[in-house]
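Work through the exercises below with the model open. Try each task before reading its solution.

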Amino acid sequence: MILEVRDIAKRFLPSGGASLPVTALDGVGLSVSRCERVGIVGESGCGKTTLARIIMGLVRADRGEVLWKGQRVWDDPVRQRDLRRKVRMVFQDPFASLDPRFTVRRTLEEALCLEGNLPRDFREDKMREALSSVGLSQDSLGRYPHEFSGGERQRVSLARALMTDPELLILDEVVSALDVLVARDILDLLERISADKGIALLFISHNIRAVARISSKIAVMDRGKIVECGSAASVLASPRSAEARTLLSAALHYRVPEK
């Protein structure tokens, strides 16, 4: 496996003067193997995004550990740097995650900041390759985020993530703000990228249909815990947890098997 999280716990102090902390994660463990596509599904507020941000080092956990290729990350700056290069996160709202002042060229070039002073020709080749991988033309380099549609902006975000040749993409609700047809195109694109480049995916969504479309393994979260985890086929055909049955019941294309 390339990524493993063990016994992750996180509590937040609520705003508004309340004194009791809110538990976001409670003993979460999960693994992702090379080239594997893992889906995390659950209702809003169950802890999915907090887990992703802890993996990326954007939030510090209260307990537990993150391992990248079998080695602890948090206590080694070199490993932290390697994880940030080889694990890239794509967010729900591409317009918010792209600086409106930057052209696509500058956005993509900034993704290489951890790589040092690279030759111009190399940077140009990487940008052309990234844009081609996500189905955008080369003239996109001189355009700004507001000049793209929502689906195209998400492709720009994916191109930025691909600039460092990642081994894992963490995708946080990347199709939830898109209409059905555009979302389907993005899911098809992610499958092609994963297959063609050998990149593992950690796909986070509240939409079990989207998760089922792209994942080989599914983890179901509820109130800060993973309540079920298994192959996509087994979770969809015979869900064990109440949360998985509820999510499947809400998806019109699934009929939950009787217990």
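Contact means heavy atoms within 4.5 Å. This is a predicted model: local features need pLDDT of at least 70, side-chain atom pairs count only at pLDDT 80 or more, and totals for chains, interfaces and linings use all residues. Residues are numbered from 1 along each chain as its sequence is written, and side-chain values use heavy atoms, with hydrogens and water left out.

**Exercise 1.** Describe the surroundings of His-146.

Step 1. His-146 sits in the loop between α5 (120-133) and α6 (150-162). Helices (H or I, at least four residues) and strands (E, at least two) are DSSP runs, numbered from the N terminus.

Step 2. Is His-146 buried or exposed? His-146 counts as exposed, because its relative accessibility is 55%. The classes are buried under 20% relative accessible area, exposed over 50%, and partly exposed in between (1.4 Å probe, protein chains only).

Step 3. List its contacts. Leaving out residues up to four places away in sequence, His-146 touches Phe-95 and Arg-153.

Step 4. Check a C-alpha separation. His-146 and Leu-98 are 48 residues apart along the chain, and their C-alpha atoms are separated by 9.7 Å.

**Exercise 2.** Find the buried face of α2.

Step 1. Pick the buried residues. In α2 (residues 77-86) they are Leu-83, Arg-85 and Lys-86.

Step 2. Look down the axis. The buried residues of α2 fall within an arc of 165°, so they line one face of the helix. The arc is that of the directions from the helix axis to the C-beta atoms.

Step 3. Find the cover. It includes α1 (48-55), β4 (63-68), β6 (87-90) and β7 (168-172).
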